[in-house]
Amino acid sequence: MHALVVVSHPDSASLTHAAAARIAEGIARSGHTAEIADLTAEGFDPRFGAADQAAHLKQAAPPADVVAEQARIDRADALVLVYPVYWWSMPGLMKGWIDRVFANGWAYDEVPGGRTEKKLGRLPVHLVGLGGADRGTYVRHGYDVAMRTQIDHGIFGYCGAPVATSELLLVPPDAVDPAEALAAARALGGRLFEAARRPADAA
Ligand SMILES: Cc1cc2nc3c(=O)[nH]c(=O)nc-3n(C[C@H](O)[C@H](O)[C@H](O)COP(=O)(O)O)c2cc1C
């Protein structure tokens, strides 16, 4: 099995990148493969432009960079998004990646009669947000619920992609040691394809 691990953070030495690397390591240790897609290093353009709008209206084919991203998701058996929480959501770079790549006709299809066909039912999604605030702040203000509603349900639910994991790894600035967050990331990678292994184990 193969996972695409998409990471959005400007600093390759960040905790976010370390978490993505641990997830990939956990996946590899469990006998599967992972590709890390570093949106910053790859220079992905997150701006939803005229060509994207034309594709959205099905007046033109999607831009080549979008088709390439869709193809690498198509090659994956699971999608993992790893990102720092910015303003109780994902960074603009990752949001733009979703705006452009999870396009009408590929992620979902607006069919005549106003119905929407969900097209990503085959793709388990794992969400790993790293945040600097403590859990009490998330709960008190409802940010955790708001994020799940908007990201898990609003984006992936809309496309039919099952959200298998949705985790916030909270590392306040005064945290003594981020090792716990990294251990959790590796454990997540290790069990990513657990369900897929079970039938073989049973056979
Ligand atoms: C622009 C910006 C917005 C942020 N907004 C939030 C936020 O809304 N909630 C939160 O918990 N942390 C927020 N943070 C803190 C980051 O999530 C935190 O610094 C990051 O996850 C730590 O991981 P890193 O070392 O990989 O950057 C924000 C940081 C930045 C730079």
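Trp88 has 17 C-beta neighbours inside 10 Å and therefore counts as partly exposed; a residue is buried with 20 or more other C-beta atoms within 10 Å of its own, exposed with 12 or fewer, and partly exposed in between, with C-beta atoms placed from the backbone. The model is predicted: local features need pLDDT of at least 70 and side-chain atom pairs count only at pLDDT 80 or more, while totals for chains, interfaces and linings use all residues. Residues are numbered from 1 along each chain as its sequence is written.

**Positive phi**

- Trp88 is not a glycine, yet its phi is positive, at about 60 degrees.
- Trp88 is placed in the loop between E3 and H5; helices (H or I, at least four residues) and strands (E, at least two) are DSSP runs, numbered from the N terminus.
- Lys58, also not a glycine, has a positive phi of about 60 degrees.
- The loop between helix H3 (50-56) and helix H4 (64-74) holds Lys58.
- Lys58 is partly exposed because 13 other C-beta atoms lie within 10 Å.
- Most residues other than glycine have a negative phi.

**The five-stranded sheet**

- Five strands form an open sheet in the order E2-E1-E3-E6-E7, with parallel pairing; two strands pair if DSSP finds at least two bridges between them.
- Strand E2 (33-38) and strand E7 (163-170) are the edge strands, each pairing on one side only.
- From one strand to the next, the twist averages 15 degrees; angles run from 0 to 180 degrees between N-to-C directions, and axes are lines fitted to C-alpha atoms, for helices over the stretch in contact.
- Strand E1 (residues 2-7) is joined to E2 by six bridges in the parallel sense, and Val7 has Asp38 in E2 as its bridge partner.
- Strand E3 (residues 78-84) runs parallel to E6, with six bridges between them; Tyr83 is partnered there by Gly129 in E6.
- E6 and E7 also run parallel and are joined by seven bridges, with Leu130 opposite Leu169 in E7.
- Seven of the seven residues of E6 are buried, so E6 is largely enclosed by the rest of the structure.
- In a regular strand the side chains alternate between the two faces of the sheet.
- In E6 both faces are covered, with Val125, Leu127, Gly129 and Gly131 buried on one side and His126, Val128 and Leu130 buried on the other.

**The hairpin**

- Strand E4 (residues 108-111) and strand E5 (residues 115-118) run antiparallel and are joined by four bridges.
- Asp109 stands opposite Glu117 in E5.
- Three residues lie between the strands of this hairpin, and Gly113 has a positive phi near 100 degrees.

**Packing of H1 and H8**

- The axes of H1 and helix H8 (residues 179-191) are 6 Å apart, at an angle of about 35 degrees.
- H1 passes H8 in a right-handed crossing, meaning that the near helix is turned clockwise from the far one by less than a right angle.
- Residues of H1 that meet H8 include Leu15, Ala18, Ala19, Arg22 and Ile23; those of H8 include Ala181, Leu182, Ala185 and Leu188. Contact requires C-beta atoms, placed from the backbone, within 7 Å.
- The contact of H1 with H8 consists of 11 nonpolar, three polar and four charged residues; Ala, Val, Leu, Ile, Met, Phe, Trp, Tyr, Cys and Pro count as nonpolar, Asp, Glu, Lys and Arg as charged, and the others, Gly among them, as polar.

**The ligand shell**

- The ligand is surrounded by 14 residues, of which Ser14, Thr16, Pro84, Gly131 and Gly132 are the closest; a residue is near if its C-beta atom, placed from the backbone, lies within 6 Å of the molecule.
- Helix H1 (15-29) and strand E6 (125-131) are the elements that give two or more residues to this shell.
- The shell has nine nonpolar residues, five polar residues and no charged residues.

**Ser8 and Leu93**

- Ser8 lies in the loop between E1 and H1 and is buried because it has 26 other C-beta atoms within 10 Å.
- Beyond its neighbours within four places in sequence, Ser8 contacts Leu39, Thr40, Tyr83, Met90, Pro91, Leu93 and Met94.
- Leu93 belongs to helix H5 (residues 92-101) and counts as partly exposed because it has 18 C-beta neighbours inside 10 Å.
- Not counting residues up to four places away in sequence, Leu93 touches Ser8, Leu39, Thr40, Phe44 and Pro46.
- Leu93 and Pro46 are 47 residues apart along the chain, with 5.5 Å between their C-alpha atoms.

How values were computed:
Two residues are in contact if their C-beta atoms, placed from the backbone, lie within 7 Å.
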